[in-house]
Amino acid sequence: MIMNKNFFKLAVSAFAIFLSSCGSSDPGSSDNPPTPKPDDKEEAVGTYFNPVIQYDCPDPTVHRAQDGYFYLVGTNTGVDGYSISMPVMYKSKDLVNWECIGSPFTEEGKPRHLANEKNGGDIWALDLNYINGQYVLYYSNSVWAGEETACIGVSVSDKPEGPYKDLGVIISKELMGTLNNIDQFFFQDNGKNYMFWGSFHGVWGIELTEDGLAIKPGAEKFNIGQGTEGTYIEKHGDYYYFFGSINSCCEGLDSKYQVVVGRSKKLEGPYQPKNTSWDMRDGHGEIFVIGDTEHWAGPGHNSEFITDDNGDQWVLYHSYWRDRPARGRVVCLDKVVWDEEGWPSVKGTHPSYERLDAPYFKEKE
């Protein structure tokens with residue numbers, strides 16, 4: 001199918017406008033309308049309120065690079081009516097103030113592994129890491145409802161912002177015998193590298209090579225979940241915690257997305273919620289964050305936890321903003337709270353809207 005040239009020019013122009021506006025820190029600029037304040041208090045240094053990224057940036061992954069900056073990469077499905085298929089990257093010193101710096105891929109270098117008439121599939125749910133002296137960016141390549149053809153690839157760069165060089169597919173139906181191969185997450189444990197991935201056809205784990213660029217020869221996959229996506233694993237105390245998002249992700253203010261969690265003393269599971277014999281292979285979990293009726297709909301697909309210099313842990317995730325649904329899935333930040341029994345949540349289990357103390361990070365020398 002031949003793309004209409006005028007449409008192509010409009011799409012490219014829209015992407016350029018988006019990139020120039022999404023990093024704007026001026027709340028009064030024409031590209032970034034004033035954000036409604038949740039209260040009447042004057043803005044104070046060391047505080048913040050959600051959302052911390054006000055434009056569509058679902059499935060955030062965040063990594064603190066060697067230069068001291070945090071880099072966040074999100075799926076970019078469009079903003080204010082424009083459809084953009086390139087991932088988008090932001091950088092920040094404090095997890096609160098983010099600058100949009102473009103895409104980690106060039107248009108020519110964008111991974112394309114699927115044969116379809118659009119553009120080779122969209123790039124979803126990336127995962128940014130630093131492994132063996134290089135930045136490794138994993139990605140999902142899929143089309144909507146592309147359960148048979150969805151695959152996971154890997155790309156590398158010597159700089160956190162890229163551009164990233166695509167090294168090809170490492171997980172697919174043909175390679176793994178699994179369906180809907182999306183939402184990968186890299187995890188290191190006891191000197192070994194692992195990849196977790198999957199969605200509503202099952203969540204799987206497998207060991208990777210030392211450089212993280214391939215499946216370890218002879219490794220066998222193991223199942224840890226069913227009915228969730230957006231997998232994240234966190235080790236806390238004696239337990240591994242498995243976070244996954246359930247229900248409808250992408251229906252605007254009707255979205256019912258939420259994050260649930262189970263825990264296990266073994267990486268391979270089973271991961272159980274509290275006070276039940278069920279586990280997350282049955283689709284059961286404790287609520288970590290869920291939407292509310294006043295400000296947020298469908299929060300989900302959380303990032304890695306980041307520990308600040310006060311020892312507090314923080315998490316980023318996307319959510320629809322009821323005040324501005326046309327913005328798509330914006331990015332929220334909240335502190336992770338651990339109860340006396342060792343179960344995590346964001347405060348109140350809902351995304352915060354009031355002004356709160358921000359993460360604390362010392363200035364690097």
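**Aromatic rings and their neighbours**

Reply: This is a predicted model, in which local features need pLDDT of at least 70 and side-chain atom pairs count only at pLDDT 80 or more, while totals for chains, interfaces and linings use all residues. Residues are numbered from 1 along each chain as its sequence is written, and side-chain values use heavy atoms, with hydrogens and water left out.

The protein has a mean pLDDT of 87, and 83% of its residues reach 70 or more. Over residues 1-21, however, pLDDT stays under 50, and it also stays under 50 over residues 23-36. Where pLDDT is low, the predicted coordinates should not be read in detail.

Now to the rings. Rings of Phe, Tyr and Trp (for Trp, the six-membered ring) pair if their centres lie within 6.5 Å, and the pair is stacked if the planes are under 30 degrees apart, edge-to-face if over 60, and tilted for the rest. By this rule there are 20 aromatic pairs. One of them joins Tyr 130 and Tyr 135, whose ring centres are 4.6 Å apart and whose planes stand at 55°, so this pair is tilted. To describe the surroundings, buried means under 20% relative accessible area, exposed means over 50%, and partly exposed lies in between, using a 1.4 Å probe and protein chains only. Tyr 130 is partly exposed at 31%, whereas Tyr 135 is buried at 4%.

Another pair is formed by Phe 185 and Tyr 232, with ring centres 5.0 Å apart and planes at 70°, so it is edge-to-face. This pair links distant parts of the chain, as Phe 185 belongs to strand 10 (residues 185-189) and Tyr 232 to strand 14 (residues 229-236), 47 residues apart; strands here are DSSP runs of E with at least two residues, numbered from the N terminus.

A charge counts as over a ring if NZ of Lys or CZ of Arg is within 6 Å of the ring centre and within 35 degrees of the ring normal. Lys 91 likewise lies over the face of Tyr 69, at 4.0 Å from the ring centre.

Technical notes: pLDDT = per-residue confidence, 0-100. Contact = heavy atoms within 4.5 Å. Helix = DSSP H or I, 4+ residues; strand = E, 2+ residues; numbered from the N terminus.
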